[in-house]
Amino acid sequence: MTMSEVDKVRISAASAIERSRERRRPIGTKSVALRRQHLYKKLGRVLIAGGIVLLGAALFGALIQPLGFTGLLALFVLLIGVAVLFGRSPFPEPRQADLPKADLKQLAGRTEIWLEAQRPALPAPARQLVDGIGVQLDLLAPQLQTLDAASPAAANIRKLVGEDLPELVAGYQRIPAGLRKEAHAGRTPDETLVGGLGMIEREIGDAARSLAAGDLDKLATRERYLQLKYQGIEGEDTPPV
């Protein structure tokens with residue numbers, strides 16, 4: 001293997017490691033909390049099932065006959081089986097179609113998890129903005145715990161966070177990679193994505209501050225963020241501002 005081939009292998013390996021790190025890195029604390037909550041529930045199921053098995057084994061040994069070496073070995077195998085059975089359920093990764101219907105209290109965390117999965121496929125400036133959106137979602141999440149899910153404010157936030165944000169990212173990913181740097185209506189899809197993510201980051205921050213201040217009037221439907229469907233991501237012309 002020549003030196004150039006070694007360099008190519010090294011660069012390829014380094015890129016794979018970096019992509020792996022990017023894929024695992026959370027963008028906010030709410031996604032971490034949801035994953036931890038799922039882990040605790042899984043561990044709880046394992047402990048409960050294991051406890052039932054141990055109790056049954058104890059009653060069998062006390063009332064019927066001692067377990068003996070064979071019985072203890074069978075108990076050990078059974079406990080391993082219980083741990084595998086109740087502990088193998090993976091975290092249910094949210095799909096784009098799930099986000100608009102997510103529980104309002106979990107909307108921020110589930111959106112963060114969805115964005116974390118998309119982040120490695122985005123250009124570097126967009127990844128930085130996704131990180132910023134994670135910070136804003138963390139700020140918004142406490143306000144969503146007490147917000148009436150049937151209120152107009154909740155509907156506006158659900159549309160912004162659960163519909164427009166995922167559609168912007170998904171629309172970009174539907175464009176073939178080779179066309180993402182070609183200009184359409186004066187802007188490339190990369191530029192459109194970065195502009196849209198920056199707008200959404202500001203909108204989420206404004207929504208968090210408005211809810212914290214109790215100013216629900218400021219959360220009336222805004223046409224400004226609906227411009228995210230512009231500008232080339234879906235091949236449309238830029239609407240007038």
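Which handedness does the crossing of α5 and α7 have? The crossing of α5 and α7 is left-handed (the near helix is turned anticlockwise from the far one by less than a right angle).

## The model

This is a predicted model, in which local features need pLDDT of at least 70, side-chain atom pairs count only at pLDDT 80 or more, and totals for chains, interfaces and linings use all residues. Residues are numbered from 1 along each chain as its sequence is written, and side-chain values use heavy atoms, with hydrogens and water left out.

## Helices α5 and α7

Helix α5 spans residues 124-144, and helix α7 spans residues 189-212. Helices here are DSSP runs (H or I, at least four residues), numbered from the N terminus. The two pack at an angle of about 15 degrees, with axes 9 Å apart. Axes are lines fitted to C-alpha atoms over the stretch in contact, and angles run from 0 to 180 degrees between N-to-C directions. That makes α5 roughly parallel to α7 (angles under 35 degrees).

Contact means heavy atoms within 4.5 Å. Among the residues making it are Leu129, Ile133 and Leu140 of α5 and Leu197, Ile204 and Leu211 of α7.

## Nonpolar cores

A nonpolar core is a set of buried Ala, Val, Leu, Ile, Met, Phe, Trp, Tyr and Cys residues joined through side-chain atoms within 4.5 Å. Buried means under 20% relative accessible area (1.4 Å probe, protein chains only). The largest core has 34 residues; Leu115, Leu140, Ile157 and Leu197 touch the most other members. Helix α6 gives the largest share, nine residues.

A second, separate core of five residues includes Ala49 and Leu75.

Definitions and conventions:
Parallel < 35°, antiparallel > 145°, perpendicular 65-115°, else oblique. Buried < 20%, exposed > 50% of the residue type's maximum accessible area, 1.4 Å probe, protein only.
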